[in-house]
Amino acid sequence: MFAPTCEIVSGFSSTTGHEKTAACWRPQAKAYATALRVASPNASAQPAHPQHKATVLELLGAYQITSRDADLITDARQFLTRHPDSAEAPNAERLLAGALERTGNRLQAAQTYQRVWEKQGAAAISDGLHAIELYGEINQQVAHEGIATIADKLMEKLPPRAAVEVAWQGTNAARRYQDW
């Protein structure tokens, strides 16, 4: 659909946890909004079309750029239902998790990051760590259970210093989970 004019910077801010995008995309937001008005209804109406997967992936990126999180959540879930094992599914899940986080659905966002980490393993350690961070903000039994589960599996994949921090969080979460 559109070619980027500069490189996207992905990652997570340690203070906000939000995905960062390069500022050079902002001037193109108007073009994305126009494309969304045209492509969005057609993509939903034609799931059997050979270009459906590529079009929906472009739409997800455009939704993120234009801050249309509700549309991103809906279309990402549809994409993951139709293409759960595709090579692009982890990226769609990350976009979904980011949108859930921005809309205040921290528990669902943490569960989505946890799913990405469980599917991708060592290639997605940052997703597991981010899930722990989000779970830590929620004082619910399921959140403490999520931290303990991730920490238990993640410790052996991390360098010693990081493993100690994750072990502490996991032990604390397991203790709090048992208190429920």
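Once neighbours within four places in sequence are left aside, the contacts of Gln114 are Ala131, Tyr135, Gly146, Thr149 and Ile150. The C-alpha atoms of Gln114 and Asp127 lie 6.7 Å apart, although 13 residues separate the two in sequence.

## Overall architecture

The protein has eight helices and zero strands. Read from the N terminus, the order of elements is α-α-α-α-α-α-α-α. Of the 180 residues in the protein, 39% are buried. The protein exposes about 9900 Å² of surface, and carbon and sulfur atoms account for 52% of that area.

How many of the contacts between residues at least 6 apart in sequence join residues at least 24 apart? The share in the protein is 49%.

## Confidence in the model

The mean pLDDT of the protein is 75, and 61% of the residues score at least 70. Confidence is highest in helix H4 (residues 89–102), with a mean of 95, and lowest in helix H1 (residues 29–45), with a mean of 59.

Over residues 1–25, pLDDT stays under 50. The model has 46 contacts beyond four places in sequence for residues 1–25. Where pLDDT is low, predicted coordinates should not be read in detail.

## The nonpolar core

The largest nonpolar core contains 31 residues. Within this core, the residues with the most contacts are Leu60, Leu72, Leu80, Leu96, Tyr135, Ile150 and Leu154. Two or more core residues come from each of helix H2 (52–65), helix H3 (69–82), H4, helix H5 (106–120), helix H6 (125–136) and H7. Helix H4 gives the most to the core, with seven residues. In soluble globular proteins, nonpolar side chains tend to be buried together.

Ile150, one of the core residues with the most contacts, touches Gln114, Trp117, Gly128, Ala131, Ile132 and Tyr135 when residues up to four places away in sequence are not counted. Gln114 in turn has both Ile150 and Tyr135 among its contacts.

Helix H7 covers residues 141–154. At 1.5 Å a residue, its 14 residues should span 20 Å, and this agrees with the 20 Å between its end C-alpha atoms.

Which residues of H7 are buried? They are Ala143, His144, Gly146, Ile147, Ile150, Ala151 and Leu154. These residues cover an arc of only 155° around the axis, so they lie on the same side of H7.

Is Ala143 buried or exposed? Its relative accessibility is 0%, so Ala143 counts as buried. Apart from neighbours within four places in sequence, Ala143 is in contact with Tyr135 and Ile138. Tyr135 is also among the contacts of Gln114 and of Ile150.

Ala143 and Arg106 are 37 residues apart in sequence, and their C-alpha atoms are 9.9 Å apart in space.

Note on methods. Residues are numbered from 1 along each chain as its sequence is written. This is a predicted model: local features need pLDDT of at least 70, side-chain atom pairs count only at pLDDT 80 or more; totals for chains, interfaces and linings use all residues. Side-chain values use heavy atoms; hydrogens and water are left out. Helices (H or I, at least four residues) and strands (E, at least two) are DSSP runs, numbered from the N terminus. Buried means under 20% relative accessible area, exposed over 50%, partly exposed in between (1.4 Å probe, protein chains only). Contact means heavy atoms within 4.5 Å. Accessible areas come from the Shrake-Rupley method with a 1.4 Å probe; for residues, only the protein chains shown count as cover. pLDDT is the predictor's confidence in each residue, from 0 to 100. A nonpolar core is a set of buried Ala, Val, Leu, Ile, Met, Phe, Trp, Tyr and Cys residues joined through side-chain atoms within 4.5 Å. The expected span of a helix is 1.5 Å times one less than its number of residues. The arc is that of the directions from the helix axis to the C-beta atoms.
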